[in-house]
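Visitor: I would like to learn how to read the features of a structure like this one. Please show me the model and take me through it.

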Amino acid sequence: MINYTLKQLYSFESVIRLGGFTTASKELHITQPAVYMQVQQLQESIGAKLFDINGKKISPTFVGKKIYKTAIETINTLETSKLEINEILNPDSGHLQIAVATTANSFISALLSKFKKEFPKMTFYIDVTNRHALLDNLKNNNADLVIMGEPPKDIPLISQAFMKNPLIAIAHPQNNLLNKKKVTIKDLSQETLLTREVGSGTRITIERFTGLNFNSDIQINSNEAIVEAVQAGLGVGFVSMHSVSLQLKNKIIKELNVDPFPIIRQWHIVHHADAELSPIARRFKQYVIDNTKVGEYL
Ligand code: PGA
């Protein structure tokens, strides 16, 4: 009967991945002969050759490739389970993986920094990206939580709206349009328009609500850079109020009074319906909901 141990699988996986017994022994913190012995015992237990050595190159045989795949899957399952058990036993110290729409980054960083004060041992990774990449993230279930605008309808999700996202048109304080009582979309179309890149939720919404077509205008894939370009007098920009509250307050830029702006959207906190939230992800989700208000924007 084939009977192999976890130690043997760890050794074999390391040897094949790193291509040698010496490098594997360094990674595993055991001696080189000990790694060799583990792999030999694995071969004996299976009763087949698992690798060939050609010069200095170690490559798995056909059976070796199957065992290597099993080893990777077993090790991944085990390591994930260790993390999960650790999170259950120490709910304050988990690891959180969040993907955030570029536009939401400003307020999510502030929320995370307050949350971290309450759970100092937790660690996190934030992937700041646009709507298009967030959708991929959701499809592949890559992040614990996703913060985005309108959630897609074609992916099974659990989503909750938690705050308003007003989209506005902004201009340099000396822009002539600010002297007009009523600015129209036609007036805007005479200006140089600064818009986010294709794939941005902000851009898709503005195109949908205004009928503007940005193809020939200036595209910038950062809200901050759009604001700076407006400040420099390059043109009229479209951003979320969240990206410009400070600049509006300091009157460095001004909001244009143009119908249908502000376009009110909602921020959502989302995860894949099949995903089971870790304790720290559950806590953060609740924290976001408790520390924001659905009908407000700050
Ligand atoms: P984005 O974010 O414009 O940075 O893509 C908004 C959204 O998710 O709709």
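What follows is a dialogue on the fold, the backbone and the side chains.

Guide: This is a predicted model, in which local features need pLDDT of at least 70 and side-chain atom pairs count only at pLDDT 80 or more, while totals for chains, interfaces and linings use all residues. Residues are numbered from 1 along each chain as its sequence is written, and side-chain values use heavy atoms, with hydrogens and water left out.

Visitor: How many helices and strands are there in the chain?

Guide: Helices (H or I, at least four residues) and strands (E, at least two) are DSSP runs, numbered from the N terminus. By that count the chain has 11 helices and 11 strands.

Visitor: What radius of gyration does the chain have, against that of a compact globule?

Guide: The radius is taken over C-alpha atoms, and the globule rule is 2.2 Å times the number of residues to the power 0.38. For 298 residues a compact globule would come to near 19 Å, but this chain has 27 Å. Along the principal axes, its C-alpha atoms fill a box of roughly 85 × 45 × 35 Å.

Visitor: Which contacts in the chain join residues at least 24 apart?

Guide: Contact means heavy atoms within 4.5 Å. Among contacts between residues at least 6 apart in sequence, 73% join residues at least 24 apart.

Visitor: What share of the residues count as buried?

Guide: Buried means under 20% relative accessible area, exposed over 50%, and partly exposed in between (1.4 Å probe, protein chains only). Of the 298 residues, 45% count as buried.

Visitor: Where do the centres of the positive and negative side chains lie?

Guide: Lys and Arg count as positive and Asp and Glu as negative; His and the chain ends are not counted. The place of a charge is NZ of Lys, CZ of Arg, CG of Asp or CD of Glu. The chain has 33 positive and 28 negative side chains, and the centres of the two sets lie 2 Å apart.

Visitor: How many aromatic pairs does a search of the whole structure find?

Guide: Rings of Phe, Tyr and Trp (its six-membered ring) pair if their centres lie within 6.5 Å; planes under 30 degrees apart count as stacked, over 60 as edge-to-face and the rest as tilted. The search finds nine such pairs. One of them is Phe238 with Phe261, which is stacked, at 5.5 Å centre to centre and 20° between the planes. Phe238 lies in strand S9 (residues 236-240) and Phe261 in the loop between strand S10 (254-255) and strand S11 (263-272), so the pair ties together parts that are 23 residues apart in sequence. Elsewhere, ring pairs link Phe115, Phe119, Phe284 and Tyr287 into a cluster.

Visitor: What is the phi of Asn141, and what is that of Lys251?

Guide: Asn141 has a positive phi of about 55° although it is not a glycine. Its place is the loop between helix H6 (131-139) and strand S5 (145-148), and Asn141 is partly exposed, with a relative accessible area of 34%. Lys251, also not a glycine, has a positive phi of about 55°. Lys251 sits in the loop between helix H10 (241-249) and S10 and is exposed, at 57% relative accessible area.

Visitor: Which residues of H10 are buried, and what covers them?

Guide: An α-helix has 3.6 residues a turn, so residues three or four places apart point the same way. In H10 the buried residues are Met241, His242, Ser243, Val244, Gln247 and Leu248. Their cover includes helix H5 (105-118), strand S6 (157-171), helix H9 (223-231), S9, S10 and S11.

Visitor: Is Gly201 buried or exposed?

Guide: Gly201, in helix H8 (residues 201-210), counts as buried at 11% relative accessibility. Leaving aside its neighbours within four places in sequence, Gly201 is in contact with Arg131 and Arg265. Gly201 and Glu44 are 157 residues apart in sequence and 57 Å apart in space, C-alpha to C-alpha.
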